[in-house]
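Please read these notes with the coordinates open. Each point takes up one topic and can be checked against the model.

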Amino acid sequence: MNKILQDIFLNYKVNFDKLISYGFVMQNDCLVYTTNIVNNQMKLTIKIFKDENINTEVFDLDSEEIYDLFLAENASGVFVGIVKTEYEKALLDIRDKCFDKYIFKSEYSKLIENYAKEKYGDELEFLWAKTPNNAILRRKDSNKWYCAMLTTKAESLGLNGKHIVEIIDIMENPNTISNIIDYVNYFPAYHMNKKYWLTIKLDNCTLSIDKIFEHIDNSYSLANRKPAKNRG
């Protein structure tokens, strides 16, 4: 996979059903899509395999040869730039229409996503262009947030290290918050109002997933009441 592909599809997971709707067709062991770019001078072929590996080929229809100069790290020139731009544009369109964001990879994060979808019919919403790895869950009836799933550096929670951790912010009774902060699983709310929200670190969490589900249910209930400030 070339660097352009790696950058475009980083933290995205293929949705095979969407590929079929987009126009991909099954050929042998992969789904294939072909389109012309650069005023029909080039044919772009995208192959996506069952293991989600992605291969592309740009074919010069005039010379009848594969064209890959634009993939070279130091490639320059007007025409090279045009090919690269249209190549990226085509791939970004496929990514945005046929791929799902895959930011949260811990076991608990996946269980929480499934729980919210199955119990409440809610899916993660990625709201911020400046922080594309952060998302929220909100009630449909009140439009209020009841969870925020985020990635941040461990040191942001007061822990040692600059490695990235996955966390969830939930609403809780202020008296409960003051009694359970332990800086192991429970932390003062990151990026939220610390009086009404708390943070749970999902990586290597020692709480049971059922306990976290209880917190989510409670937060969902609180989100139907007078709103707390979403930013703290």
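1. Aromatic pairs. The count comes to 14 aromatic pairs; rings of Phe, Tyr and Trp (its six-membered ring) pair if their centres lie within 6.5 Å, with planes under 30 degrees apart counted as stacked, over 60 as edge-to-face and the rest as tilted. One of them joins F9 and F99, a tilted pair at 4.7 Å centre to centre with 45° between the planes. This pair links distant parts of the chain, with F9 in helix 1 (residues 3-9) and F99 in strand 7, 90 residues apart. Helices (H or I, at least four residues) and strands (E, at least two) are DSSP runs, numbered from the N terminus. F9 and F99 are buried, where buried means under 20% relative accessible area, exposed over 50% and partly exposed in between (1.4 Å probe, protein chains only).

2. Basis of the values. This is a predicted model: local features need pLDDT of at least 70, side-chain atom pairs count only at pLDDT 80 or more, and totals for chains, interfaces and linings use all residues. Residues are numbered from 1 along each chain as its sequence is written, and side-chain values use heavy atoms, with hydrogens and water left out.

3. The planes of Y120 and Y146 stand at 65° with the ring centres 5.8 Å apart, so the pair is edge-to-face. Y120 belongs to helix 4 and Y146 to strand 9 (residues 145-153), 26 residues apart. Both residues, Y120 and Y146, are buried. Elsewhere, ring pairs link Y67, F70, F79 and Y87 into a cluster.

4. Charges over rings. The charged end of K13 sits over the ring of Y102, 5.3 Å from its centre. K43 has its charged end over the ring of F59, 5.7 Å from the centre. The rule: NZ of Lys or CZ of Arg within 6 Å of the ring centre and within 35 degrees of the ring normal.

5. Largest pocket. It holds about 540 Å³ of space. Of its 14 lining residues, the closest to the centre are D100, K101, E113, K117 and E123. A pocket here is an open set of points on a 1 Å grid over the protein atoms alone, where a 1.4 Å probe fits, with protein on both sides within 12 Å along at least five of seven lines; lining residues have an atom within 4 Å of a point. Helix 4 gives the most to the lining, with 4 residues. Strand 1 (12-14), strand 7 (99-101) and helix 4 (107-120) each supply at least two. By class, the lining has 6 nonpolar, 1 polar and 7 charged residues.

6. Strand 12. Is this strand buried or exposed? 5 of the 5 residues of strand 12 (residues 197-201) are buried, so the strand is largely enclosed by the rest of the structure. W197, T199 and K201 cover one side, L198 and I200 the other. Strand 10 (residues 164-171) pairs with strand 12 in the antiparallel sense over 5 bridges; pairing needs at least two DSSP bridges. I170 stands opposite L198. Strand 11 (residues 186-188) is also antiparallel to strand 12, over 3 bridges, and F187 has T199 as its bridge partner.

7. Two hairpins. Strand 2 (residues 25-27) and strand 3 (residues 30-37) pair antiparallel over 3 bridges, with V25 partnered by V32. Their hairpin has 2 residues between the strands, and N28 in the turn has a positive phi of about 60°. Strand 3 also joins strand 4 (residues 42-49) antiparallel through 8 bridges, with Y33 partnered by I46. That hairpin has 4 residues between its strands; V38 in the turn has a positive phi of about 55°.

Definitions and conventions: Grid points are joined across faces, edges and corners, and a volume is the space filled by probe spheres set on the points. Ala, Val, Leu, Ile, Met, Phe, Trp, Tyr, Cys and Pro count as nonpolar, Asp, Glu, Lys and Arg as charged, and the others, Gly among them, as polar.
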